[in-house]
Amino acid sequence: MKDNFEQALIIAVEESMERADQFFLEIEDKTKDGPGVTRVAWGEGEQIGHDMCEAWAKELGMEISGDSAGNLYMTFPGEDREAPPFIVGSHMDTVPCGGNYDGAAGVISGLAAIQAFQAAGITPAQDTIVMAIRAEEAGSWFSGLHGGHLGSRAALGRFMEDELNTAHHNYFDKSLYEVIKTAGFDPDAIANNPPHLNPQKIKGYCELHIEQGPILIAENKPVGVVSGIRGNRRFRNCKALGEYNHGGATPQSFRKDAALGAAEFLYKFEQVGLQTLADGGDLVFNPGIIHTDPDVNGLSKVCGEVNFTLDMRSESSEILDTMRKTAEGIAAEISEQRGVNVDLGAFSVSVPAALQNDEKHRMLKGCAAMGLEATSLASGGGHDAAEFHHEGVPSSMIFIRNENGSHNPDEAMEMEDFCEGTKILAWMMATA
Ligand SMILES: [Zn+2]
């Protein structure tokens with residue numbers, strides 16, 4: 001019976017790919033924006049995505065519902081309708097002029113798996129919900145104070161006090177509250193009512209997503225099992241303050257060159273970071289912004305002020321804390337030795353989501369059952385799965401090989417790889 005079940009599922013998933021491919025082509029066409037696609041959070045492109053998902057789910061006879069934030073829930077009834085449902089999904093928004101697959105692949109794979117269940121006559125033990133989530137790319141669309149991943153956090157009741165008003169949608173130039181209301185949903189209910197999802201009544205959450213880095217391409221593997229989602233420490237307002245001076249007349253020993261102070265800080269931080277990696281720690285970091293003021297500074301002037309950022313990410317909170325303290329220590333040292341005051345300012349914290357859980361082990365079993373060799377890898381980017389994990393829902397992620405990274409128009413996922421990932425997702429849904 002086992003062999004039959006898995007064989008039937010493999011064939012049915014392969015047959016569902018034609019419809020999935022058609023979906024990818026259609027949504028790309030409808031949300032095209034120059035070389036890429038744009039699906040604004042709570043905007044037109046995202047809504048087109050939700051409407052297309054709903055239409056397919058209706059074809060499949062699924063039950064449709066929504067919540068106050070506009071997340072879409074498409075339910076495939078299981079054997080026991082009272083049992084906690086298994087949720088799969090991802091987001092339908094993109095970054096501005098992004099790629100066609102980041103987000104959408106996770107929702108489309110869920111619907112393809114349900115189509116395969118119907119073709120193969122598979123009914124899971126509990127309801128399966130395919131969730132199209134709003135505004136995962138909040139970091140690109142919103143400024144002000146917010147915790148990101150706005151759709152899933154609204155559904156799980158994870159909004160901070162007054163986040164509906166402190167988060168500002170840059171594209172619409174409106175508060176989060178106004179944007180949700182204008183889109184036809186109910187921000188007051190988000191603020192005042194119990195959350196739509198009760199984490200204790202969710203069997204598990206599984207998200208398929210394209211890999212945003214180069215590992216699966218390098219290892220020549222179609223899919224990967226995610227070991228954890230990196231958290232971060234982010235210094236958004238670092239300053240090196242020295243003294244503006246004449247670039248020719250001021251002897252080197254008299255200078256307090258802010259540009260060189262910032263460079264020394266970053267070089268020393270990199271040295272410690274590389275040692276952490278050499279010791280086997282998980283860490284990535286980058287100063288994404290470094291600038292002097294071009295109105296004040298110039299080629300022939302000693303630089304008086306540099307503004308920069310520092311983003312560090314790791315699967316380990318301990319490493320993040322150590323590196324944060326290291327950064328502060330190096331800053332203090334340079335301030336003392338160079339006379340350039342390196343002030344890192346405040347930092348924000350995002351907690352890593354370690355996915356070394358039973359669901360990950362189940363997924364490894366699923367890979368074997370579906371005839372795939374599994375590679376484990378960390379997720380560098382944040383995902384809705386982290387929010388489910390932080391609420392105690394057993395959560396897992398599948399990555400699909402993807403060339404050229406993500407958040408750009410050149411994302412390149414092959415349908416063959418998507419098919420392999422969907423087989424694993426379908427297996428996770430069928431055996432939850
Ligand atoms: Zn994404």
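Two residues count as being in contact here when their C-beta atoms, placed from the backbone, lie within 7 Å. Keep that in mind as you click around, and remember that this is a predicted model.

**Stop one: Gly 103.** Select Gly 103, which sits in the loop between strand 5 (86–91) and helix 3 (104–120). Now show what Gly 103 touches beyond four places in sequence: Ser 90, His 91, Met 92, Asp 93, Thr 94 and Glu 136. Is Gly 103 buried or exposed? Gly 103 is buried, because 30 other C-beta atoms lie within 10 Å, and 20 or more is the cut-off for that label. For a sense of scale, draw a C-alpha to C-alpha distance from Gly 103 to Asn 193: you'll get 28 Å, for two residues 90 apart in sequence.

**Stop two: the core.** Next, pick Ile 398 and Leu 425. Of the 91 residues in the largest nonpolar core, these two touch the most other members. Helix 3 supplies the largest share of this core, with eleven residues. Zoom in on Leu 425: leaving out neighbours within four places in sequence, its contacts are Val 88, Ser 109, Gly 110, Ala 113, Cys 206, Leu 208 and Ile 398. There's another core, apart from the largest one, with 26 residues; to find it, select Ala 262, Phe 308, Ala 331 and Val 342, which are among its members.

**Stop three: a hairpin.** Finally, select residues 63–66 (strand 3) and 72–76 (strand 4), an antiparallel pair joined by four bridges. Look across from Gly 66 and you'll see Leu 72 of strand 4 standing opposite. Five residues lie between the two strands of this hairpin, and Gly 70 takes a positive phi near 90°.

Technical notes
Residues numbered from 1 in each chain as written. Predicted model: local features only at pLDDT ≥ 70, side-chain atom pairs only at ≥ 80, totals over all residues. Buried ≥ 20, exposed ≤ 12 C-beta atoms within 10 Å, placed from the backbone. Core = buried A, V, L, I, M, F, W, Y, C linked by C-beta atoms within 7 Å. Pairing = 2+ DSSP bridges.
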